[in-house]
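Subject: Structure for you to look at

Hello,

Here is the structure I said I would pass on. Please open it next to this email and follow along.

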Amino acid sequence: MRNKFLFRVCVLVLAISLVTPLFADNHGSILDKVKNRGKLVCGVHGGLPGFGFLGEDGKWSGFDADFGRAIAAAVLGDPSKVEFVPLNAAERFTALQTGEIDVLIRNTTWTLSRDAELSTDFTPPTFYDGQGFMLPKSLKITSIKELGGASIGVTAGSTTELNLTDTMRSLGLEFNPVSYADIDTLYNSYDARRVDVVTSDKSQLVARRKDLKNPDDHVILDVTISKEPLGPLTIHGDNKWNDVVSWVVYATFFAEEHNITQENVKTFKTENPEIKRFLGESGTMGEKLGLPEDWAKQVIMAVGNYGEIFERNLTPIGLPRGVNKPWTQGGLLYSMPFR
Amino acid sequence: MENTAITQEVKPPNTKKGPVKWLKDNLFNTWYNTILTCLGLAFLFFVFKGVFTWVFTQADWEVIPANLQIFSIGPYPLEQIWRVSTVIYGLAVLLGLSAGIWNGLTRQITVAIGCIGAIILLLPFHIPVREHALIATVILAVSFAIGRNKDNWKRWVVVGWVLSFPWTMMMLHGFGAGTVSTTMWGGLLLTLILAAVGIVACFPLGVLLALGRRSQLPAIRWVSTVYIETIRGVPLITLLFMGSILLPIFMPGDFQLDKVIRAMVALTLFSAAYMAENVRGGLQAIPSGQVEAAQAVGLTYPKTMLFIVLPQALRAVIPAIVGQFISLFKDTSLVSIVGLVDLLGVARSVLGNAEWIGLQPEVYLFVAAIYFVFCYAMSFVSQKIESDLGVGKH
């Protein structure tokens, strides 16, 4: 009786393991899948000021959502052919690995572990962030070394907390970390002076400072204690698709370098052979990527160049360009050559 | 000196009535009650003063009307909104007919819903919203008039209610070019769908599990018991996370289970376990004589359960079952943590809009008010059902 039962379980397990490969992925590139589907599926943040949120008209808006639209414009020639899936921090990588989304653009920091351990590939960062400190001006502190003994508010379980501890330890400073599970609680407590200092990504500090009782009474220190390069991700091993997403990002950089804007892209006159290739007037740049020849033109027509995307989404929340400027102006945005 | 005894006066009985007398008797009858009353009044005054000044002078309520569209339907595309209104009209027809055919509670509920439609009509919503409310209310009234005294239609209306469920889903999703994928479902619409699916699906599953746990067959009994105890032993949020993170990894290759469906499954499985225990409580209250009598007249097990035991058992546990439905309705808000934009998810997203940042109190109060309206309505209906069935009276 017992043996018979075991035997049946074994047969069942065997059968399942034999059948499973039949359903396995057919290993086509996501690029082809997106074309066949006629729609891009893009993972975004469910509510992050400036980057991803649901607009009043029911359409996903923000810096990250605009890059999703740019990819749809390049591949399908229509920025509206994109479906956004809001994701939380824990499920974002699973959604990418299982093919639920084609590309993940959700404030994700490029780190070695994520690149190597998770089945994901990064594309060029679209936003260089870094962790900083905000504190009341009245404390008259100008450098991180004077923060000894301060109570510092931070969100729990994030790399932010780890960076803080590492930095303070390496400086040999005593401090009192106060962890909050919720971002809103963190800033409310800071505003109520329950903690002296608050630390987070600088983009967040700037966005939240506007919201304090007296924004002018607070200062963000110049020091940046961590690098947070944020960019789109694709699934590991699909190089064709990764190339497409990467070059869409480069296209927005390139357009800003050469002052090609949403407004003038249609009528842009040039003898520069590289710009001609960029606009699809000569060469076979599109064919090489598996895209229409006017893909870059479509991207700029849809969302504009990098500077325009930035000004539309991040300037209103008070973010300065900082290092997110073209390399020609001393920033970090550097498009690879279009040839 | 002898006459002094009879001059003692007796006061007439106090015949004063009215609020002053009531206050004197209840709030100021002793010195310590007077102090307590004054302290209480002072406390209430400061609380209400704070609340009222905030609500009427400091709060920025503009965030609510500006985002009313996404609060109600989330990212559902406006050009497909006719799908939602068609569903509402269909439900209005069914409701109207039912109210015409059945008297009593159904009619009261229908009248209440008709009043809500009329109120929406008068409130300063966008014109299209009011048009839809008007059409729905008219449809409700007309089908009520048609359905009166049409007793022979009963069967068809019941069939209609059963079919309304798949019809709603198909209508909202659509076919071909006009498909609205479930990732576009959101706001109150998604909350209501999740709650409705959970409530409708968990009830039969719960009854089966309750019967299974009391079964004579060890295999069924053990499976049911293990299921109930396992599910009750984990928080709902872990089930939702398992649905959204673990399940897709186990799925083979290209096969993807929809995110909304995963949440529906998790909610249903979770509530079914609790429902099973509620129903089992009712089953235990039925004296064994009932079952024995049913067997004696030759009823089979399904018939005994269906016609003798369950009607009595379920009637006894209506409050517990409705309590379960209410908590299921509120539990749907947890799906916002796994990235669905239900009512609470929309609230979070609105607060992520740079324009409305920092308006947490206004937004969350509004959402809380909506949840309260729905939960209280459910509770009210359950009280009505109880009094109609005479639960607790005989």
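In chain A, helices α9(A) and α12(A) cross in a right-handed way. This is a predicted model, so please read the rest with that in mind.

Chain A, two helix pairs

Two packed helices are described by the angle between their axes and the distance between the axes. For α9 (residues 239-257) and α12 (residues 295-303) of chain A, the axes come within 10 Å and cross at roughly 70 degrees. That angle makes α9(A) roughly perpendicular to α12(A). On the α9(A) side the contact is made by Val248(A), Ala251(A), Thr252(A) and Ala255(A), and on the α12(A) side by Ala296(A), Val299(A) and Ile300(A). Sorted by class, these residues are six nonpolar, one polar and no charged.

Helix α12(A) also packs against α3(A), at an angle of about 145 degrees and with the axes 8 Å apart. This crossing is right-handed. Helix α3(A) contributes Asp66(A), Arg69(A), Ala70(A), Ala73(A) and Ala74(A), while α12(A) contributes Trp295(A), Gln298(A), Val299(A), Ala302(A) and Val303(A). Here the classes are seven nonpolar, one polar and two charged residues. Val299(A) is listed in the contact with α9(A) and in the contact with α3(A).

Chain B, overall and one helix pair

How many helices and strands does chain B have? The secondary structure comes to 17 helices and zero strands. The C-alpha atoms of chain B fill a box of roughly 110 × 70 × 50 Å along the principal axes. Chain B has a radius of gyration of 28 Å, whereas a compact globule of 394 residues would have one near 21 Å.

Within chain B, helix α9 (residues 187-213) packs against helix α12 (residues 259-284) at an angle of about 45 degrees, with the axes 6 Å apart. The two helices are therefore oblique to each other, and their crossing is right-handed. From α9(B) the contact includes Leu194(B), Val197(B), Gly198(B) and Ala201(B). From α12(B) it includes Ala263(B), Met264(B), Leu267(B) and Thr268(B). The residues of this contact divide into 17 nonpolar, four polar and two charged.

Where the chains meet

In the interface, 36 residues of chain B are in contact with 32 residues of chain A. On the chain B side, the elements that give two or more residues are α4 (68-73), α11 (236-250) and α16 (343-351). The largest share, five residues, comes from α16(B). By class, this side of chain B has 19 nonpolar, 15 polar and two charged residues.

The predictor gives the complex an ipTM of 0.79 and a pTM of 0.84. Chain A has a mean pLDDT of 89, with 92% of its residues at 70 or more. Which helix of chain A has the lowest confidence, and which the highest? The lowest is α1 (residues 2-19), at a mean of 55, and the highest is α3 (residues 63-76), at 97. Over residues 18-26 of chain A the pLDDT is below 50, and this stretch has nine contacts in the model beyond near neighbours in sequence. Where pLDDT is low, the predicted coordinates should not be read in detail.

Chain B averages a pLDDT of 87, and 95% of its residues score at least 70. Among its helices, confidence is lowest in α6 (residues 105-122), at a mean of 79, and highest in α10 (residues 218-232), at 95.

Regards

Key:
Residues are numbered from 1 along each chain as its sequence is written. Chains are lettered from A and ligands numbered from 1 in the order in which they are written. This is a predicted model: local features need pLDDT of at least 70, side-chain atom pairs count only at pLDDT 80 or more; totals for chains, interfaces and linings use all residues. Two residues are in contact if their C-beta atoms, placed from the backbone, lie within 7 Å. Helices (H or I, at least four residues) and strands (E, at least two) are DSSP runs, numbered from the N terminus. Ala, Val, Leu, Ile, Met, Phe, Trp, Tyr, Cys and Pro count as nonpolar, Asp, Glu, Lys and Arg as charged, and the others, Gly among them, as polar. Axes are lines fitted to C-alpha atoms, for helices over the stretch in contact, and angles run from 0 to 180 degrees between N-to-C directions. Angles under 35 degrees count as roughly parallel, over 145 as roughly antiparallel, 65 to 115 as roughly perpendicular and the rest as oblique. A crossing is left-handed if the near helix is turned anticlockwise from the far one by less than a right angle, and right-handed if clockwise. pLDDT is the predictor's confidence in each residue, from 0 to 100. The radius of gyration is taken over C-alpha atoms; the globule rule is 2.2 Å times the number of residues to the power 0.38.
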